[in-house]
Amino acid sequence: MKYSRSIYYAIPIIYAIPIIALGLSTGCSQAVSSNYQSARLEGEVTVDGQPIEDGTVQFVPANLADGPITQAMIMKGRYVANKVPLGKVTAILHANPPAPPTQVTSDYHPPKTVGIPSRYKSGFSIEVKENKADQDFSMSSKESGSKSPNTKQRS
């Protein structure tokens, strides 16, 4: 049986069309508009009054169509997050351990670090309405009834 040369070129195209269509349809469904309403948040992140030296805070919108996940670095207990989507978001905090020294000696004692207590690992639900310069996250290592962030107005 003899096939024309055009069939050999058509077969790969026949398989490629559904794959391309699937890729385009799934990629577009997750797209977030770059023109979403947002606010600038900043504040302190502490545990028992001690600052988180190094880490991140992620702001995850309840509805991902409202805007993207925003991340900010925590440095010496402070963070500044630009373009946090307005509405209900979950703030998820992470603390990074300090880097080990390049050379460890027998008298080395690791520094005491402040980490995120396990009950706060799932994050804090907050409502973002406008720019806020005092969106603090004050956590306690002691078990208590409240898991909400202690947000206070600073003078």
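Helices (H or I, at least four residues) and strands (E, at least two) are DSSP runs, numbered from the N terminus. This is a predicted model, in which local features need pLDDT of at least 70 and side-chain atom pairs count only at pLDDT 80 or more, while totals for chains, interfaces and linings use all residues. Residues are numbered from 1 along each chain as its sequence is written, and side-chain values use heavy atoms, with hydrogens and water left out.

Start with the whole chain. The protein chain holds one helix and eight strands. From the N terminus on, their order is α-β-β-β-β-β-β-β-β. The chain has 155 residues, and 28% of them count as buried. Buried means under 20% relative accessible area, exposed means over 50%, and partly exposed lies in between (1.4 Å probe, protein chains only). The accessible surface comes to about 10800 Å². Carbon and sulfur atoms account for 57% of that surface. These areas come from the Shrake-Rupley method with a 1.4 Å probe; for residues, only the protein chains shown count as cover.

Next, contacts. A contact means heavy atoms within 4.5 Å. Take the contacts between residues at least 6 apart in sequence: 65% of them join residues at least 24 apart.

Now go inside. In soluble globular proteins, nonpolar side chains tend to be buried together. A nonpolar core is a set of buried Ala, Val, Leu, Ile, Met, Phe, Trp, Tyr and Cys residues joined through side-chain atoms within 4.5 Å. The largest such core here has 22 residues. Val 45, Val 57, Phe 59, Tyr 79, Leu 93, Phe 137 and Met 139 touch the most other members. Seven elements need a look here: β1 (38-47), β3 (54-61), β4 (70-75), β5 (78-85), β6 (87-95), β7 (124-128) and β8 (137-139) give two or more residues to this core. The largest share, four residues, comes from β1.

Leave aside residues up to four places away in sequence, and Met 139 touches Val 45, Thr 46, Val 47, Asp 48, Leu 93, Ile 116, Pro 117, Tyr 120 and Phe 124. Val 89 lies in strand β6. Val 89 is buried, because its relative accessible area is 2%. Beyond its neighbours within four places, Val 89 is in contact with Phe 59, Val 60, Pro 61, Ala 62, Phe 124, Ser 125, Ile 126 and Val 128. Val 89 and Asp 66 are 23 residues apart in sequence, with their C-alpha atoms 9.9 Å apart in space.

Then the rings. The structure holds four aromatic pairs. Rings of Phe, Tyr and Trp (its six-membered ring) pair if their centres lie within 6.5 Å; planes under 30 degrees apart count as stacked, over 60 as edge-to-face and the rest as tilted. One of the pairs is Phe 59 with Tyr 79, tilted, at 6.0 Å centre to centre and 45 degrees between the planes. This pair links distant parts of the chain: Phe 59 sits in strand β3 and Tyr 79 in strand β5, 20 residues apart. Both residues are buried. Tyr 120 and Phe 124 have ring centres 5.4 Å apart and planes at 35 degrees, so this pair is tilted as well. Tyr 120 and Phe 124 are both buried. Phe 59, Tyr 79, Tyr 120, Phe 124 and Phe 137 form one aromatic cluster.

The loop between β6 and β7 comes next. Arg 119 lies there. Arg 119 counts as buried because its relative accessibility is 18%. Ser 118 is exposed, because its relative accessible area is 63%.

Last, the backbone. Most residues other than glycine have a negative phi. Asp 48, in the loop between β1 and β2 (50-51), has a positive phi near 55 degrees. Lys 83, in strand β5, has a positive phi near 60 degrees.
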